[in-house]
Amino acid sequence: MPTVGWIQETAIDQFYERGGTSAASPKLSEYYCRHCGKCFSSKDARDLHEVEHPIANPVLMVDGIEVQSSTFKLSQSPKPESVEIAFVEYLVVNGICVEIGELKQLLCGAKYQFFNIELRGKETTKRISIDVQIAAPAELLQVDNKFRTYFSGDDFNGDDVMRFVKDTEHLESCVWYIDGLVKYLYGVMAKDRRTERLTYENFSDALNQSFKLLSGYETPLAISICQLIKFAMNDFRIPSQTGLIPALDNALLFFNSGVGTKIAWQRENGQLSLPTDLATEIILNRFIGLYDQLSIHELIELVGQINRKSWSRQDKHKLDYICLRKSIDDKDTERETYYKRRLRHLEEFNGTFGAELEGLNEH
């Protein structure tokens, strides 16, 4: 982050710029930079120089995340040490001047409150808003149980979503949590082209909105759905928290394992305990779940049986990667070269086949 020294506005600067005179005063031709103290012969020269100094904008950080100008949602109570400020002279919260310690107490103690905050620095003022909604654990559990009741089967529709919303609307501390779950469900239906509420082109927006809302919660349900969303977007990083879907855990190991690594698949009945889109279900259960039982020829035949035109580009890339891995395992060099060329410009796969794909990029 750019930094700047404190403004050095001397008493002499103040005196002359306010029209004062004195027989014993220094020369009027001396103008000092209020950032670095450099002296100039004219005020215009000094002002032009000061433009070159970066401005240190006021900053408020909560749990390592900078609070921007738009409303910041806080769904978990922060610890006092996780609330930090920089380049701030004083704070105004809901019209009242407070110290940083008071701000920490307000944010850490709030359960359901909205804060308008002004961060006033030396040169600029930053206005932000923090909306606090801390869900009651008992109400979160009720939402999770209702979710499993409605969406543990093989299929669901918009009527199921509306009944879920109706059955949970009285749980007022979980509004954001419920909204995140609903956005995920509509994103899944849009990806499968089976809802009129959203078009296929909007599925990624719905999933991204769901991720932003649910990533603030630490329930197994929220963690698992966030992992599914990341997988759908080809983010294969191994999570630090365990979800509810063994098939997804296996898939992440597969996409991180590299050439020649053997994985002991542990396929379990009902391992997809959460709703997901058709493409993700097929990739997890059929292509990765049955990977060791298929040859490259059988795998390509299976791929040919699906309508790839209706799949997202991320899902098509996953299929290419699986076929690449199998062609390497089966020592089919012709198909190996073919799939490497298809993946050579994709950064998310270069982590596994980095050196080999870079070699293809040069040709």
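**Pocket, sheets and a helix crossing**

The largest pocket holds about 660 Å³ of space. A word on terms. A pocket here is an open set of points on a 1 Å grid over the protein atoms alone, where a 1.4 Å probe fits, with protein on both sides within 12 Å along at least five of seven lines. The volume is the space filled by probe spheres set on the points, which are joined across faces, edges and corners.

Now the ground rules. This is a predicted model: local features need pLDDT of at least 70, side-chain atom pairs count only at pLDDT 80 or more, and totals for chains, interfaces and linings use all residues. Residues are numbered from 1 along each chain as its sequence is written, and side-chain values use heavy atoms, leaving out hydrogens and water.

Back to the pocket. Its lining has 23 residues, each with an atom within 4 Å of a point. Nearest the centre are Ile65, Phe72, Lys73, Lys212 and Ser215. Which elements each supply at least two lining residues? They are β4 (65-66), β5 (72-74) and α7 (203-214). Helices (H or I, at least four residues) and strands (E, at least two) are DSSP runs, numbered from the N terminus. Helix α7 gives the largest share, four residues. By class, the lining has nine nonpolar, nine polar and five charged residues. Nonpolar means Ala, Val, Leu, Ile, Met, Phe, Trp, Tyr, Cys and Pro; charged means Asp, Glu, Lys and Arg; the others, Gly among them, are polar.

β4 also belongs to an open, antiparallel sheet of three strands, ordered β4-β3-β6. Strands pair if DSSP finds at least two bridges between them. β4 and β6 (83-86) are the edges. β3 (residues 59-62) meets β6 through four bridges, with Val59 opposite Ala86.

β5 sits in the other sheet I want to show: five strands, open, mixed, in the order β5-β10-β9-β7-β8. Its edges are β5 and β8 (96-98). The twist averages 30 degrees from one strand to the next. Inside it, β7 (residues 90-93) and β9 (residues 112-120) are antiparallel over four bridges; Leu91 partners Leu119.

Last, two helices. The axes of α9 (residues 246-256) and α10 (residues 278-288) come within 10 Å and cross at roughly 70 degrees. Axes are lines fitted to C-alpha atoms, for helices over the stretch in contact, and angles run from 0 to 180 degrees between N-to-C directions. So α9 is roughly perpendicular to α10, a label covering 65 to 115 degrees. The contact (heavy atoms within 4.5 Å) includes Phe254 of α9 and Leu284 of α10. It has seven nonpolar residues, one polar and no charged.

How values were computed: Parallel < 35°, antiparallel > 145°, perpendicular 65-115°, else oblique.
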